[in-house]
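Please open the structure in a viewer and keep the selection tool at hand.

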Amino acid sequence: MEVNPAKQEHLLALKVMRLTKPTLFTNIPVTCEEKDLPGDLFNQLMRDDPSTVNGAEILMLGEMLTLPQNFGNIFLGETFSSYISVHNDSNQVVKDILVKADLQTSSQRLNLSASNAAVAELKPDCCIDDVIHHEVKEIGTHILVCAVSYTTQGGEKMYFRKFFKFQVLKPLDVKTKFYNAETDEVFLEAQIQNITTSPMFMEKVSLEPSIMYNVAELNSVNQAGECVTTFGSRAYLQPMDTRQYLYCLKPKKEFAEKAGIIKGVTVIGKLDIVWKTNLGERGRLQTSQLQRMAPGYGDVRLSLEAIPDTVNLEEPFHITCKITNCSSERTMDLVLEMCNTSSIHWCGISGRQLGKLHPSSSLCLALTLLSSVQGLQSVSGLRLTDTFLKRTYEYDDIAQVCVVSLAIKVES
Amino acid sequence: MESAEGAKQHAPERSGPAAGPAQSTAPRGPREDQGRPLYHEETIDLGGDGFGSEDSNNLVDKLDEPMMESVLISDSPNNSDDGAGDLGCLQDVVETAEGGADHRRESVVDEEALGALSDDGESDGEDTPKDVADMTSDSRASLKEDPEQEEVKDLPTCEHEGAEDLGPGDARAPAAGPASGLSPRQPSPKDEPVPMCTIFSQLPPAGSQPQVPRDGFESQMVKSPSFSGASEAAARTPPQVVQPSPSLSKFFGDTTSTSSLASDFFDSFTTSTFISVSNPNASPSIPESLSSLAATPVGENSLGSADPSYSPGTERSESGVSTASLEIPQSPKPFSQIQAVFAGSEDPFATALSMSEMDRRNDAWLPGEATRNVLISVTTQQYSTVFVDKEGLTMPGLKFDNIQGDAVKDLMLRFLGEKAAAKRQVLNANSVEQSFVGLKQLISCKNWRAAVDLCGRLLTAHGQGYGKSGLPTSHTADSLQLWFVRLALLVKLGLFQNAEMEFEPFGNLDQPDLYYEYYPHVYPGRRGSMVPFSMRILHAELQQYLGNPQESLDRLHRVKAVCSKILTNLEQGLAEDGSINCTAQENRQASVQLWRSRLGRVTCSMANCLLLMKDYVLAVDAYRSVVQYFPEQEPQLLSCIGRIFLQIGDIKTAEKYFQDVEKVTQKLEGLQGKIMVLMNRAFLHLGQNNFADAHRCFTEILKIDPANAVANNNAAVCLLYLGRLKDSLRQLEAMTQQDPRHCLHESALFNLTTMYELESSRSLQKKQALLEAVASKEGDCFNTQCLKLA
């Protein structure tokens, strides 16, 4: 068998050009002054040059659009646009031309042609033009397969294909980090890095929360009634620059109450990123669902609802605790014990019954205590015992209060 | 499944003659009979093989060559003929992917395709046009180095991520896999990429440890929002081939990896071509008529020849000591000169005699501390000897003496034959008067190369010719003007390295022998710098074109500091150099105006430089501050800032600036403001991807100003993006024919030739026609790269 089949002249020629956005021509301004040797010559030359800005010739950035000079890079989330031109190079009329453009990725094959209808005839020196657009959704090798079939004047059916291969690169690097607040709030820090080679304007970076959460974006501050971004005047990311976004997620009420639901691995939501580069070339990406491991609270969770920040020495104060049964289906019968520490003294009866607590329900408990030591004191020493399983849960270091002496306060 | 379908449809093809599995000839017979659709679906497995073994590694390299073309991803005109090679390669990939249907046949095909490959690599390289070759060599290189490294890095990460993120991905992965698994040319298992989501794994930095984030951050996968789960089973991470971003101009693109093509276009005249030119015989043969040329100002004649009493270095060079004695003749001198350098002790009569107001204004400069001391001692110790270190003197000389050449003519010789080339007549250095007049003539008819040569001749006559660098010499206002013109033209021609070489002996343009005070006999009473201000700007700007924008910025800051100081002096009622001044109010006004405009000029250069450095925030600030110096240019400056934001992608801010322009231009009379507004609107439409409306705006400009080359060119570009190639060509062709004097601009011609390439396989003839048009209109400075003929 021959390796190279008999060379065949095709009557049609297929040309493909990627249409990235055009660029603005930049010129090299060289000026002189009236008294210099060339007089006004240099300046006149610049004025005559159409690529300079009329009336301000020293500006480098002109207004002349230049077509792309090479294939360039294409990044995930951007739109691949291409001009496909089929030209009749011959001197005969060609019939029944069908041009088809497919994009082959590692996982699928897409038809990009605007129409799949055959063109009845193409006269010599005429073109069939098509501009295809495709939002790139996969990374890695892509092959644009262009196939042309036609019938010659002699009735011969002809067919040829061309393949154009390109790589789709990753434009962004996204890293996330979660912080669990003492309340049910979750803070999300997201670092977005521009790993392309051109500056990138971040048009939108938003967190789309899952149904359980409401989100507050913490990336702008209110300055004199105006929302100002925390990123300052630098609205774009240079290559390899990283920007950090912060979000606060609050569980919606219906989910917050049923605290048992938010445990283990929960879906927080996903980041939606829209950017623009040269002359508004747009790209958009989303992260996968961000997941977080909710802090484990065991079967019984004790959280604080209210506590004063500063209390007086040896004076009773009140705190409100919330006790939640986080187990999935077990009803608990709880007994509360309060153990004094060296600084914290509980007031009231230790060992009292709290009654039955059903799964995913909670009860609030007002407790009174006083501190005998000044300074920052840790509230510790609560014990809950589930009488069914004879299991005791210990709660130390629940919160801290600042204990001050009343006498000193008066003096100052 | 696609693969099954593909296999079925391949049946007829297989029954055809075995000659060309890839070509259309083979399957034609059966298709006609059965009336089957001409197209068949097949899945090309992209991830399965490729980097698997040594062989396929090469295969991928070669595969890439015909594919990765520059602007056109298409094949070159003649390439389509012998496209069998690349088609074969791909077919190979295709069929491996198709899998099970017919192993036996496929294995045959594969072997053959492989056999063919060894030839293809070379032949393709030859066939593709040169510019393409540049591009591909680039991508080839990066492809070669990448796969091994990444293989190693990727595996751990994909397991990590796969487990965490990819539910559906795992299930899907095998779908792509099995086909290649059946291929006889199967990669060894260890090389086989794990068919899991490498897409989303990030490449860990050089350390290549799997991403256990030490900082607590966790990498997230990103995907296109509208993409279904299918993506998650994907191929390997692509080699991070960082190619220049095409869409980005010099400012916005990537300078480090800029493709040779782009730089070819812009920095077309590679310096190496000319540096080597040296003609040792050239310098002595100066026409007689030249000898008097260098001396125009009064009293300069004696300087033209190397009069030992004036040239500060003769004695030193003989004795070999590193200090030069400036011997000043013992003749009596006018009293005024002695005092001339002293601040505040000017003799008004002497000043009136020797130094016009205008000269003082223009030449004023503040020398550095050391230079200032030398200048003072020159004037005070004129009866003794002043020692100036050799290092402190300026000893320039031509570094290459002949850059004459006409690229247009060379191309004509190559493509149109001698006869046509003979018609090309441009002025050269011999065909004009050997004087400033001839020089201006050459410059204005755009024969800059010839003008550079003529400058060289005139400088040779002045004793600063080829090989004279490092030899003692003296300077006159005219010799420095000649240097300025020569260096400026070199920069305009893009011969930056050459300019840098010849600029080098001038140091920082602050040596004492560059000041008038250094030559009290030649320029009695005259003060200030001989270096034209524009030459200082050129000196500073040159560095940014050589890739040292930081140095440019430093130099510009120094120039700006002097300008500001001089302005402060003027505002305090002093002379430019800080001396007590007794000039008239209107003279001071004129001086303030001059120095303000110089300050504006240098600020604008700084803005340009910052733009080159891609520091857009500072660049925008600098452009805004230029407005105060050139208020009449406010709309242009604001438009420019708007375009900068457009280029970054910040469409909203761009729009804000364009609105400001509309407000400012409302006050203006005439068409210019209207054109500016329309131009900005068009750009905004471009930024919103709305080529149709952009085209409408450009067309509206043409209604007002039919000769507007920018609007014409830009409208044509829009037409191309709208899929109207023929219309676009018509528009550009009409424009270049109607106004060839202005419209044979390299940018427009580049667009035109690019479209010719896209239109037809016969672009060469059309480019040659353009060459003829250029030959009749353009001088020797024409950048032939934009014709893409070479």
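Select helix 23 and helix 24 of chain B first: their crossing is left-handed (the near helix is turned anticlockwise from the far one by less than a right angle). The model is predicted, with local features requiring pLDDT of at least 70 and side-chain atom pairs pLDDT 80 or more, whereas totals for chains, interfaces and linings use all residues. Residues are numbered from 1 along each chain as its sequence is written, chains are lettered from A and ligands numbered from 1 in the order written, and side-chain values use heavy atoms, without hydrogens and water.

Next, select B:His695, in helix 29 (residues 691–704) of chain B. B:His695 counts as buried because its relative accessibility is 15% (under 20%, 1.4 Å probe, protein chains only). Leaving out residues up to four places away in sequence, B:His695 touches B:Ala715, B:Cys718, B:Leu719, B:Leu722 and B:Gln731 (heavy atoms within 4.5 Å).

Finally, move to chain A, where an open sheet of four strands has the order 23-25-29-27 with antiparallel pairing (at least two DSSP bridges between two strands). Strand 23 (300–306) and strand 27 (344–347) stand at the edges, each with a single partner strand. Four bridges join strand 27 to strand 29 (residues 362–371) of chain A; there, A:His345 has A:Leu370 in strand 29 as its bridge partner.

Note on methods:
Helices (H or I, at least four residues) and strands (E, at least two) are DSSP runs, numbered from the N terminus. Buried means under 20% relative accessible area, exposed over 50%, partly exposed in between (1.4 Å probe, protein chains only).
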